[in-house]
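We will go stop by stop.

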Amino acid sequence: MSSQQRADRGGNGRADAARKRKLQDKEIIIMDGGIGTEILRRGVNWASHQIQDDPGLVRSIHADYIATGADVITTNTFQLSRRSFRNHFNDRQHMEAIGALALEEQADELIRDAVGLARQAREASGREEVSIAGSMTTLEWCFRPDLTPETEAMQEEYRQQVQLFRDAGADLILFETFNRVAEARIALQAAAELKIPAWMGFVSDAEGRLLSGETMRDVAAGLKGLTVEVVLINCCPVDHTTRGMEELARHWPGPTGAFAHVGKFYPPVWHFTDECPPERYLKEARRWKELGAAVIGGCCGTTPPYIDLLNSDLR
Ligand SMILES: [Zn+2]
């Protein structure tokens, strides 16, 4: 797709070109850090994503990450989907009975608004070369590979949701915190059909395997031949991330990346701990770079100072 066509549907040709050049020239790409957890840290509950209640807060977090030098910022849309709203109810009839039918449309609207906030922050920064990654995780809960839906339902839902991000003007889709190869394949196929670049992030366990038990060799075999710009390890502690990167580097021939989390997940909130301050995170990130990472950023619990340090040290 030409950059003119991309611009017509809202995407930004300059961001695409900048990202692709860096990948080609093997220059490190710095991503942003946590968004949902950063909203929490700034004292607001994350349940409603704050996209409509406090758009200024979300925009200012994007702006802070852009100011630290991030090349890619991610939308505040983790677990924001029609299905996650539907899952609060027994079935459609129950949902209708308590008058919440508009929630499905609300999910669509919130996704469009979230991409809009990221675009506004980019525009205000004057850094048109920053890419906006539409963040999507697994359709069911990201840490539960046993809940992966049926193939046909996944195909339909990924197409619907990827199209929303694409039409709203995301430059790429960041599929993150995936737990199983089969779902990753369906997600990537949807992005390829809709002609939007895609990154694929998996959670690694302490042995460098997915939560499904699949190995990075399985990942490489399963994604072979599909269109994927970068394969990443994300949303696990730094040591699990390093282990995952070691395995990924052995099996995946294309660009790789990593963004780990910092702190502890206490559903439904995040506990910020000081066990992995920015300097320690950087030490681990240097290791990811040695392992060939083309993209490095931060997941849950990381903040602008983490990204600032990565930006000044890893380039
Ligand atoms: Zn995370």
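Predicted model: local features only at pLDDT ≥ 70, side-chain atom pairs only at ≥ 80, totals over all residues.

Stop 1: Show the strands. Eight of them form an open sheet, ordered E1-E10-E7-E6-E5-E4-E3-E2, with parallel pairing. Now select Ile29. Its bridge partner in E10 is Val295. Two bridges join E1 to E10.

**Stop 2: the core.** The largest nonpolar core has 87 residues. Select Ile173, Phe175, Ala198, Met200 and Ile296, which have the most contacts inside it. Then zoom in on Met200. Beyond its neighbours within four places in sequence, Met200 contacts Phe175, Phe178, Ala184, Leu188, Val228, Val231 and Leu232.

**Stop 3: helix H12.** Select residues 278-290. These 13 residues should span 18 Å at 1.5 Å a residue, and the end C-alpha atoms are 18 Å apart, which agrees. Which residues of H12 are buried? Colour Pro278, Tyr281, Ala285 and Trp288: these are the ones. They cover an arc of only 65° around the axis, so they sit on the same side of H12. An α-helix has 3.6 residues a turn, so residues three or four places apart point the same way.

What do the buried residues pack against? Show helix H11 (238-251), strand E7 (256-260), strand E10 (293-298) and helix H13 (304-314). Now turn to the face away from the buried side. There you find the exposed residues Glu279, Lys283 and Glu290.

**Last stop.** Step past H12 to Gly292, whose phi is positive, near 100°.

Conventions: Residues numbered from 1 in each chain as written. Helix = DSSP H or I, 4+ residues; strand = E, 2+ residues; numbered from the N terminus. Expected span 1.5 Å × (residues − 1). Buried ≥ 20, exposed ≤ 12 C-beta atoms within 10 Å, placed from the backbone. Arc of directions from axis to C-beta. Contact = placed C-beta atoms within 7 Å. Core = buried A, V, L, I, M, F, W, Y, C linked by C-beta atoms within 7 Å. Pairing = 2+ DSSP bridges.
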